Amino acid sequence: MSTISRLPGIVTTDHVFRVPLDHASPEGEQIEVYAREVVASGRERDDLPWLLFLQGGPGGKAARPLGRDTWLERALDDYRVLLLDQRGTGRSTPATRQTLARRGGPQAQADYLANFRADSIVRDAELIRHRLLGADKRWSVLGQSFGGFCTLTYLSFAPEGLAEAFITGGLSGLGSSADDVYRAAYPRVVRKNEDHYARFPQDVEAVRRIVAHLADTPATLPDGGLLTVEAFQVLGLMLGGGNGSGALHYLLEEAWVEGPAGAELSDTFLAGVQAKLSFAEGPLYAVLHESIYGQRSVDQGGTDWSAERVRKEFPEFDARAALETGAPVLFTGEMIYPWMFDTDPALRPLKETADLLAARTDWPDLYDPARLAANTVPVVAAVYHDDMYVDTADSLETARAVRGLRTWITNEWEHDGLRVSGGKVLDRLIKMAHGEA
């Protein structure tokens with residue numbers, strides 16, 4: 001029986017669905033997928049259209065609403081919303097170092113996780129649509145970031161399930177390999193670093209001091225993780241959000257404390273760093289990240305630790321060399337590196353599994369360009385002008401390749417615009433889709 005809860009302005013209902021691990025073998029192993037239905041208080045019995053929300057990631061669970069917050073404030077005016085914990089995340093059958101250990105060795109784990117990409121997520125959604133709405137009723141979909149990638153997969157393989165699609169910061173390149181993605185990403189990250197140091201010039205020396213210390217003495221984080229120079233640079237992931245530069249600056253402000261032997265990195269700083277770097281709450285983000293770009297028709301499908309390989313083409317990210325030349329140390333961005341599976345306790349048991357997934361070359365295609373070129377589903381997308389995470393050029397090329405897709409290109413918001421705009425981003429897209437803007 002479904003559990004119903006009431007929070008300020010909303011009523012939520014829990015749903016759990018059993019779905020095939022491998023949709024090509026529907027009678028085989030089953031896993032659970034959890035979803036939370038959200039409706040405005042007082043409208044529980046109204047015949048509202050459904051809006052499926054596909055979270056960013058990969059490996060991210062849906063947000064836990066505390067009321068009519070963020071984009072839900074706008075969505076609940078028109079829709080009954082379904083927040084999906086994509087397979088392996090949240091309250092769905094989890095995929096972590098603890099649960100994967102029960103499946104056997106690294107090869108068995110890798111074979112299992114090969115079923116956790118966008119194609120499987122879309123097939124889960126279609127089974128759920130049939131069970132909740134019935135086969136003859138369509139729903140709308142809102143895809144944020146990786147959720148937008150999933151939406152393009154949905155439009156490729158099951159458009160009959162969709163009444164309309166909204167995409168925010170998630171128009172992926174249809175034919176871009178992982179190497180293409182990172183060759184475009186590193187220069188964008190350089191620009192974000194330049195913006196940060198222009199805003200907080202005092203951080204140039206603050207960062208150099210921390211890096212010089214870590215180059216000599218890597219620090220131990222509260223969870224036992226290792227903070228190396230390269231791990232510290234990964235804090236640049238913060239620079240892609242609207243408030244990320246300021247948050248990074250404030251973190252750096254409290255880096256040092258005077259201890260018995262002189263200045264040392266403070267517990268406050270190390271705890272803050274751990275909160276940003278640990279994958280304990282979402283290990284699939286690290287394990288599956290590069291596989292979201294793997295397709296059989298693109299560079300034979302493999303990724304082979306692309307971010308690490310391509311980084312060598314951008315020597316400006318060599319922090320130790322920057323110390324010698326006096327240059328600012330550059331942070332990196334949304335990149336996953338193989339050494340993370342040595343430094344993060346939540347990832348260490350998954351190192352061999354991740355290596356096997358990085359070596360995999362038989363990833364099926366995630367998009368159908370011909371189907372997208374003949375698309376009939378109304379699609380609108382917010383493209384953030386200098387998105388650090390998703391290449392704008394790729395997004396616009398994809399927009400041209402999807403028949404009828406309309407874009408709103410804006411520099412008012414960063415990649416997290418859907419969450420931080422108070423419903424303004426979603427409102428604009430809804431009005432575009434409905435002919436009001």
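This briefing describes a domain record, a sheet, helix packing and some single residues. The structure is a predicted model, in which local features need pLDDT of at least 70, side-chain atom pairs count only at pLDDT 80 or more, and totals for chains, interfaces and linings use all residues. Residues are numbered from 1 along each chain as its sequence is written, and side-chain values use heavy atoms, with hydrogens and water left out.

**Domain record**

- UniProt, in an unreviewed entry, lists residues 49–191 as "domain: AB hydrolase-1". UniProt positions follow the numbering used here, feature names are shortened, and annotations may be inferred rather than shown by experiment.
- Across residues 49–191 the chain is 42% helix and 17% strand, with its end C-alpha atoms 41 Å apart. Helices (H or I, at least four residues) and strands (E, at least two) are DSSP runs, numbered from the N terminus.

**The sheet**

- Nine strands form an open sheet with mixed pairing, in the order S1-S2-S3-S5-S4-S6-S7-S12-S13. Two strands pair if DSSP finds at least two bridges between them.
- Strand S1 (4–7) and strand S13 (406–410) are at the edges with a single partner strand each, so one side of each has no neighbour in the sheet.
- Direction ignored, neighbouring strands of this sheet are turned by 20 degrees against each other on average.
- Strand S4 (residues 50–54) and strand S5 (residues 80–85) run parallel and are joined by four bridges. Phe53 has Leu83 in S5 as its bridge partner.

**Helices across the sheet**

- H5 lies across S4, strand S6 (139–144), strand S7 (162–168) and strand S12 (379–384), and runs at about 140 degrees to S6. Axes are lines fitted to C-alpha atoms, for helices over the stretch in contact, and angles run from 0 to 180 degrees between N-to-C directions.
- Helix H17 (residues 392–401) lies across S12 and S13, at about 165 degrees to S12.

**Helix H4 with helix H5**

- The axes of helix H4 (residues 118–132) and helix H5 (residues 146–157) come within 9 Å and cross at roughly 70 degrees.
- H4 and H5 are therefore roughly perpendicular to each other. Angles under 35 degrees count as roughly parallel, over 145 as roughly antiparallel, 65 to 115 as roughly perpendicular and the rest as oblique.
- H4 and H5 have a right-handed crossing. A crossing is left-handed if the near helix is turned anticlockwise from the far one by less than a right angle, and right-handed if clockwise.
- From H4, Ala118, Asp119, Ile121, Val122, Ala125, Glu126 and Arg129 meet Phe146, Cys150, Thr153 and Tyr154 of H5. Contact means heavy atoms within 4.5 Å.
- The residues of this contact of H4 with H5 divide into seven nonpolar, one polar and three charged. Ala, Val, Leu, Ile, Met, Phe, Trp, Tyr, Cys and Pro count as nonpolar, Asp, Glu, Lys and Arg as charged, and the others, Gly among them, as polar.

**Helix H3 with helix H15**

- Helix H3 (residues 106–113) packs with helix H15 (residues 351–359) at an angle of about 55 degrees, their axes being 8 Å apart. That makes H3 oblique to H15.
- The crossing of H3 and H15 is right-handed.
- Pro106, Gln107, Gln109, Ala110 and Leu113 of H3 make the contact with Glu352, Thr353, Leu356 and Leu357 of H15. The residues of the contact of H3 with H15 comprise five nonpolar, three polar and one charged.

**Single residues**

- Gly57 is linked to Pro58 by a cis peptide bond, with omega near 10 degrees. Pro58 is in the loop between S4 and helix H1 (72–78).
- Thr70 is found in the loop between S4 and H1. Thr70 is not a glycine, although it has a positive phi of about 45 degrees.
- Gln274 belongs to helix H10 (residues 267–277). Leaving aside neighbours within four places in sequence, Gln274 is in contact with Leu221, Pro222 and Asp223.
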